[in-house]
Amino acid sequence: MPELPEVETIRRQIGPAVAGRRVLEAWAFPSAKFTPATDLIGATLGGARRRGKYLLFPTDDGRELVAHLGMTGSFSFTDEPEPSGAHLRAWWRLGPAGAGDGGTGNGTGGRNGAATTGPAETLRFDDTRRFGRLRVVPAGHYDDIATLSVMGPEPLDPDFTAAEFTRLLARSRRRLKTSLLSQRPVAGIGNIYADEALWLAEINPKVRRLGTARAARLLDALRRVLEQGIDNGGTTLRDYRNVDGEQGSNQHGLVAYGRGGQPCRRCGRPLRADDVDGRTTTWCPHCQAR
């Protein structure tokens, strides 16, 4: 499932490409998970934001399209007016940015900042396994989106402190890895980057309490692995692709996730892979002793 670095990579690509563009037409696969896509017809998009693993597309009428990629969701652009495909779940026909004729004629500020004089363009959302979801809500109103409504602070927010992180972690008695995946103490962390950060911070995934010093070390490790993931365009293990259809490269530098039985790159002893509250977890029993 795409985590913060993958979603942030997509946001950085898609935000400038949709900013100021009016939705001329839209289509959705006949499922309540995707039909809200058509609610955007007539609205103008204001770019894209990210909250945890969610993409948020604000509109000029005070709403937001909330998109979760699930396991296999992906956005891409096409020149096809009405695209098709076995895994297509929604599409939006976008007028040129800054067009003065309602988005159907000439304008400026299209994709890549170039002048927009050509035809409209279509944004498509594909999702092979259909675990993704689209919602349209009043901007900032997430009460009906369970995970988003209780999500913790953004880990890359410079105002998010180790003291606050310690306080939020202390609310839960669950194992640390499980608490991180809940999104409540911090946003955007999934299985890959949790394993990587816990290894980097030398903290066992099964502990239930952290003091301020270890919480500070973990927060620093989270920031380092997330920033590395963003710099590498995300981690592609199987399905993830960015808006241009390209894979990320972060998978080539993973030190813990998926390396069970291989030598720890710090001490040389075998890494252990085991189930922790239903999620496969990899750690070093020596470096990350409880």
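Two helices, α3 (162-169) and α4 (176-181), each supply at least two residues of the lining of the largest cavity. Helices (H or I, at least four residues) and strands (E, at least two) are DSSP runs, numbered from the N terminus. Do bear in mind that this is a predicted model, where local features need pLDDT of at least 70 and side-chain atom pairs count only at pLDDT 80 or more, while totals for chains, interfaces and linings use all residues. Residues are numbered from 1 along each chain as its sequence is written, and side-chain values use heavy atoms, with hydrogens and water left out.

**Cavity and pocket**

On a 1 Å grid over the protein atoms alone, a cavity is a set of points where a 1.4 Å probe fits but cannot get out, and a pocket is an open set with protein on both sides within 12 Å along at least five of seven lines; lining residues have an atom within 4 Å of a point. Grid points are joined across faces, edges and corners, and a volume is the space filled by probe spheres set on the points. The count comes to 1 cavity of 30 Å³ or more. Its lining includes T166, L169, R174, R175 and L210.

| Space | Volume |
|---|---|
| Largest cavity | about 90 Å³ |
| Largest pocket | about 550 Å³ |

The largest pocket is lined by 28 residues, of which M1, P2, E3, M71 and I192 are the closest to its centre. Both β5 and α5 (191-201) supply at least two residues each to that lining.

**Nonpolar cores**

A nonpolar core is a set of buried Ala, Val, Leu, Ile, Met, Phe, Trp, Tyr and Cys residues joined through side-chain atoms within 4.5 Å. Buried means under 20% relative accessible area, exposed over 50%, partly exposed in between (1.4 Å probe, protein chains only). The largest core has 29 residues, and I14, F57, F75, W92 and L134 have the most contacts inside it. α1 gives the most to this core, with 5 residues. A second, separate core of 28 residues includes L4, L169, A201 and L210.

**Aromatic rings**

Rings of Phe, Tyr and Trp (its six-membered ring) pair if their centres lie within 6.5 Å; planes under 30 degrees apart count as stacked, over 60 as edge-to-face and the rest as tilted. The whole structure holds 6 aromatic pairs. F34 is buried, at a relative accessible area of 1%. One aromatic cluster is formed by F29, F34, F57, F75, W92 and F125.
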